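Please open the model in your viewer and keep the selection tool at hand.

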Amino acid sequence: MQGYNLAEGRYENRTLSEDEMWSAFSNLFSAHSKNSSSYKFGFLKSIMDNLYNVDAKLTLSFDRLFGTFAEVYWNLVLKHGIRQQPVIGRSKGTYLEQVLNATAARYAIAPNVPFESISDEAKFEVCKKIKNKCKTNVVGALFGDTKGLFYSFSKKEEWIQINPQMYEFVCKHKLAIEKLNYYEWARYLERINDDAVMDHLLTKIDKSSERENLSVYRRILFEEFENETCFYCCRKLSNDGQKVHVDHFVPRTFIKDDKMWNLVLACPTCNLQKNDKLAENIYLDKLVERNKNIILVNVNAKDMNTYNAQNLRAVYYWAKMNGYNTIWQPKKKIGV
């Protein structure tokens, strides 16, 4: 299906089999899918990274999606020096690469500075330009390559709405789809880049939207919401960045996002021991209660606008479905 030039598209509203849904993604990753740049892979990553930011109608705004898209490409292009399209003649690269390089020059940003560390003004500028340009073809192209089954979209109103059946499917098979996407993305990039930038390419793609500094969440949780004990063992925490860790309750390797409803404060021992595991179910109940209290204290609390307890429980379940089967608990339990 040729979808790149569509102004809007509607997913097929009918019952889909598991085979049909796999076929939609197989088509995207097959030789039938034409790629003049890596942008479809990047846009799919943006959707997968935002799966748990959808609203009740499973809608995501272009601002949110292309915010992630801009972050991914900033880190790949400027931090790691990876080209996204073959260089022909005197070409200065794709429009996206030109925007990124021009923004870095305009704000005097060093090449290795990650997206999270640039100014809000620079972020806004680069996200707006990339959204306005890349939405033209990328949104419709991915719609067409997934056979019109994955989502509906409107370029005018700037949203996508994920097909409920496909939403359940991609949550159930999230890691498998991500690995397929990264593999085909890497294969494409290997054809157009020098060997010097190819080391650990899959890791670079996977971590291209990962933030290194979560101190703002540490401050908010500790100071504004008085989370002054380790979420897991209840050990008293001191307001010291070295002694207070921010833990992703559902591992970040699965959720690929940093949202307050999934972040807790932990002592170094618990955080390092838990690592990439799920905590036992009693802590899921505790987190649901913690999040309810945050919303009661401040209904406009950071990152809580799309949160609901049912979705958190679903994310925990989907993580189990994706292989996070080792359940962790601290040696010192709640209330002890």
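Contact here means heavy atoms within 4.5 Å. The model is a predicted one.

Start by selecting residues 120-134, which make up helix α5. This helix has 15 residues and spans 21 Å from its first C-alpha to its last, close to the 21 Å expected at 1.5 Å a residue.

Next, colour the buried residues of α5: Ala122, Glu125, Val126, Cys127, Ile130, Lys131 and Cys134. An α-helix has 3.6 residues a turn, so residues three or four places apart point the same way. Now show what covers these buried residues of α5; the cover includes α2 (39-49), α3 (62-79), α4 (95-106) and α6 (138-145).

Turn to the aromatic rings. How many aromatic pairs are there? The count comes to 27, taking ring centres within 6.5 Å as a pair. Select Phe231 and Phe249, an edge-to-face pair with 6.2 Å centre to centre and 80 degrees between the planes. The pair links distant parts of the chain, 18 residues apart: Phe231 is in the loop between α10 (215-224) and β5 (245-248), and Phe249 is in the loop between β5 and α11 (252-255). Are these two residues buried or exposed? Both Phe231 and Phe249 are buried.

For another lysine over a ring, select Lys174, which lies over the face of Phe254 at 5.2 Å from the ring centre.

Last, select Tyr39, Phe41, Phe43, Phe62, Phe66, Phe69, Tyr73 and Trp185, which ring pairs link into a cluster.

Note on methods. Residues are numbered from 1 along each chain as its sequence is written. This is a predicted model: local features need pLDDT of at least 70, side-chain atom pairs count only at pLDDT 80 or more; totals for chains, interfaces and linings use all residues. Side-chain values use heavy atoms; hydrogens and water are left out. Helices (H or I, at least four residues) and strands (E, at least two) are DSSP runs, numbered from the N terminus. The expected span of a helix is 1.5 Å times one less than its number of residues. Buried means under 20% relative accessible area, exposed over 50%, partly exposed in between (1.4 Å probe, protein chains only). Rings of Phe, Tyr and Trp (its six-membered ring) pair if their centres lie within 6.5 Å; planes under 30 degrees apart count as stacked, over 60 as edge-to-face and the rest as tilted. A charge sits over a ring if NZ of Lys or CZ of Arg is within 6 Å of the ring centre and within 35 degrees of the ring normal.
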